[in-house]
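Morning, everyone. I'll take this one quickly, starting with surface charge and ending with salt bridges. Here it is.

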Amino acid sequence: MTRPLNILTLSTLFPNAEAPNFGIFVERQTAELDSRSEANVTVVNPIGIPPWPLNKHKQYRALGDLPQHEQWRSLNVYRPRFKLVPKIGGPKNPERIARAVLPLAQKLHDETPFDLIDAEFFYPDGPAAMRLANALNIPFTVKARGADIHHWSSDPKCRNQILAAAENAQALLAVSEALKNDMTYLGMDDAKISVHYTGLDQEKFKPVDRAIIKQKLNVAGPLFISAGALIPRKNQALTIEAMAAFPNATLLLAGQGEEEENYRALAHSLGIVDRIRFLGSVPHDELPQLVAAADISILVSKSEGLANAWVEALSCGTPIIISEAGGAYELVSADIAGRIVEQDSKAIVEAIEAIIEEPPSQEEVRATVSHFSWKNNGDQLLTIFQKVAKTA
């Protein structure tokens, strides 16, 4: 019997005690892979801490207090610190991450050699993984998820590093066919890129009796939800504006972020503040019931790869209204699943009206994502990694 693959997973987004939902999809993917007898996974989650006096800020002080090494649920996780220069330091982050991680990676590699490095975001993880792989003389792979391509490739200093990582990696992964096309357009080798869809816990994200849950939530009319960080890219302002057209409806905003104050002000100016519920960061285990209780899930983002929130909503039997971003058409290929709309509040209003007028059955909606599972995700990932290790 051959020994299991020994994998170093490098991910700058990964849950911790201060942010348990941060990069939870990476945790779920990694936990699934690590559960296989064919793989052992060590997670390295670099934590960026700025120099004094910014490191005294509450946010960074809490991150600085995180353990350097811990058992995070089922996973063995290391959290080395690297120097972070907020706002202007992006182009230097891969180099700083690699410098901070290399002593740890070398020590672990000397004890039990790694077969490959798995970078979970294209930037900054990909170029950092390239440096580490070169130092350890092992192959590496990189996964693209959306903003890591769309945002960082707009900076020439970062784009050059992204393309260098793509050229040197043994395999590339994309969360949707649309993102694969974007990567190819940037100049990456199409033959290297595998579409690797997100996983899904279909036992957690499933339909519920909406009337019962709405009653518990004290909601009488239509219920909508927008699950995602409150940041400009997620575009929740358009959904808040659309709510003015539905005086009996309630909107749940499940997330937190820099735009919360602006969104509260917007709701107040529209006279609908009593119908917008700011839930903050909802624990992932509590999210399924809220999503399943909603009549529609709305997330008209400026850019996406293939949003986990879209897939989770559909699995709950909740139709979605989304923008023509990332893999939108790979999920919404028929009206049963929802609508793809322009990034415009009027378009959202029209889509809501159409769905409310002829609501699809929860089971029909759920069936559209029946092929999404963490098992399928893990099977494909293991196959890719085994091929990379074998050909290295």
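Start with helix α14, residues 345-357, which gives the most to a patch of negative charge, with 3 residues. Helices here are DSSP runs of H or I of at least four residues, strands are runs of E of at least two, and both are numbered from the N terminus.

Before going on, the ground rules. This is a predicted model, where local features need pLDDT of at least 70, side-chain atom pairs count only at pLDDT 80 or more, and totals for chains, interfaces and linings use all residues. Residues are numbered from 1 along each chain as its sequence is written, and side-chain values use heavy atoms, with hydrogens and water left out.

Back to the patch. On the surface, E241, E324, E342, D344, E350, E353, E357 and E358 gather in it. A patch takes residues with over 30% relative accessible area and no salt bridge, and joins like charges within 9 Å. Asp and Glu count as negative, Lys and Arg as positive; His and the chain ends are not counted. The charge is placed at CD of Glu or CG of Asp. Areas are Shrake-Rupley, with a 1.4 Å probe.

Look at E324. It sits in the loop between β15 (320-323) and α13 (328-331). E324 is exposed, at 57% relative accessible area. Exposed means over 50%, buried under 20%, partly exposed in between.

Next, helix α10, residues 260-269. Which of its residues are buried? Y263, L266 and A267. They cover an arc of only 95° around the axis, so they lie on the same side of α10. That arc is taken from the directions from the helix axis to the C-beta atoms. Residues three or four places apart point the same way because an α-helix has 3.6 residues a turn. The face of α10 turned away from the buried side carries exposed E261, H268 and S269.

Now the backbone. The peptide bond from W52 to P53 is cis, omega near 5°. P53 belongs to the loop between β3 (47-49) and α2 (58-64). The bond from Y123 to P124 is cis too, with omega near 5°. P124 is in the loop between β7 (116-119) and α4 (125-136).

Positive phi next. K87 is not a glycine, but its phi is about 75°. Find it in the loop between β6 (81-83) and α3 (93-111). K87 is exposed, at 89%. N235 is not a glycine either, and has a positive phi of about 65°. It lies in the loop between β11 (223-227) and α9 (236-243). N235 is buried, at 10%.

Last topic: how many salt bridges does the structure hold? There are 17. The criterion is a side-chain nitrogen of Lys or Arg within 4 Å of a carboxyl oxygen of Asp or Glu.

Take K180 and D190, paired at 3.9 Å, N to O. This pair links distant parts of the chain: K180 is in helix α7 (residues 177-186), D190 in the loop between α7 and β10 (193-195), 10 residues apart. K180 counts as buried at 13%, while D190 is partly exposed at 39%.

E95 pairs with K92, closest N and O atoms 3.9 Å apart. E95 is partly exposed at 31%, and K92 is partly exposed at 46%.

R339 meets D335 at 3.7 Å, N to O. D335 is exposed, at 52%.

Finally, a network: salt bridges link E32, R36, K375 and D379. That's my last slide.

Note on methods: Patch = residues over 30% accessible without salt bridge, like charges linked within 9 Å, V, L, I, M, F, W, Y side chains within 5 Å. Buried < 20%, exposed > 50% of the residue type's maximum accessible area, 1.4 Å probe, protein only.
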